[in-house]
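Work through the exercises below with the model open. Try each task before reading its solution.

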Amino acid sequence: IGFTRLALGDEKGAEEAFKTSLKTAARNGLDFAPPHEGMARLLLRKGKLDDARVEAEHALELDSHWIRTYWVLGKLADREGHEALALTHYERALIYAPGDPEITEAAAELLIRLNRRDEAREVTARSEALRSRPGSREPGGDPAPVLPGAGATGPTAIQRMIEPFFPKTLA
């Protein structure tokens, strides 16, 4: 819910949803990456860069393959003028999700600003080619989520996020 509210521009609603998720998880002795990444995105949007970094780094401590967190860290580094570090974060994210449009766009925009237009075109073309494969939701035409360990027979990313709260529902 928090990500949807954030995408719709409802920062207050997003913050409430992420905080509720974090409190519910903590109350149950759990901690997981998605709400921390969500809070990092929200804090980034609000310009609270240090707080955003803390949330993003915590998300990666919990799950180093939570790829969208690398987008957040890339945006943070870019805003602070650390272009090389930003590219490193985007490249790391693109290893796990080479067709992700949000990450691709951020990397391409930065490459263009750095006057590396050929690389920007290559990243964009590769992403578009991966997304255009028939039946493809993720790189390689694999309909499974990008998350490691979540193959076609395993839980989806959403199921992995909510399973701690509804274990019998998903069993």
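**Exercise 1: Around a tryptophan**

Task: list what Trp 71 touches, leaving out residues up to four places away in sequence.

Solution. Contact means heavy atoms within 4.5 Å. Trp 71 touches Arg 41, Leu 44, Tyr 90, Glu 102, Ile 103 and Ala 106. This is a predicted model: local features need pLDDT of at least 70, side-chain atom pairs count only at pLDDT 80 or more, and totals for chains, interfaces and linings use all residues. Residues are numbered from 1 along each chain as its sequence is written, and side-chain values use heavy atoms, with hydrogens and water left out.

**Exercise 2: The core**

Task: find the residues with the most contacts inside the largest nonpolar core.

Solution. A nonpolar core is a set of buried Ala, Val, Leu, Ile, Met, Phe, Trp, Tyr and Cys residues joined through side-chain atoms within 4.5 Å. Buried means under 20% relative accessible area, exposed over 50%, partly exposed in between (1.4 Å probe, protein chains only). The largest core has 26 residues, and Leu 44, Trp 71, Val 72, Leu 76 and Tyr 90 have the most contacts inside it. A second, separate core of six residues includes Leu 6, Ala 14, Leu 22 and Met 39.

**Exercise 3: Two rings**

Task: classify the pair formed by Phe 3 and Phe 18.

Solution. Rings of Phe, Tyr and Trp (its six-membered ring) pair if their centres lie within 6.5 Å; planes under 30 degrees apart count as stacked, over 60 as edge-to-face and the rest as tilted. Here the centres are 5.1 Å apart and the planes 75°, so the pair is edge-to-face. Phe 3 is partly exposed because its relative accessibility is 32%. Phe 18, at 3%, counts as buried.
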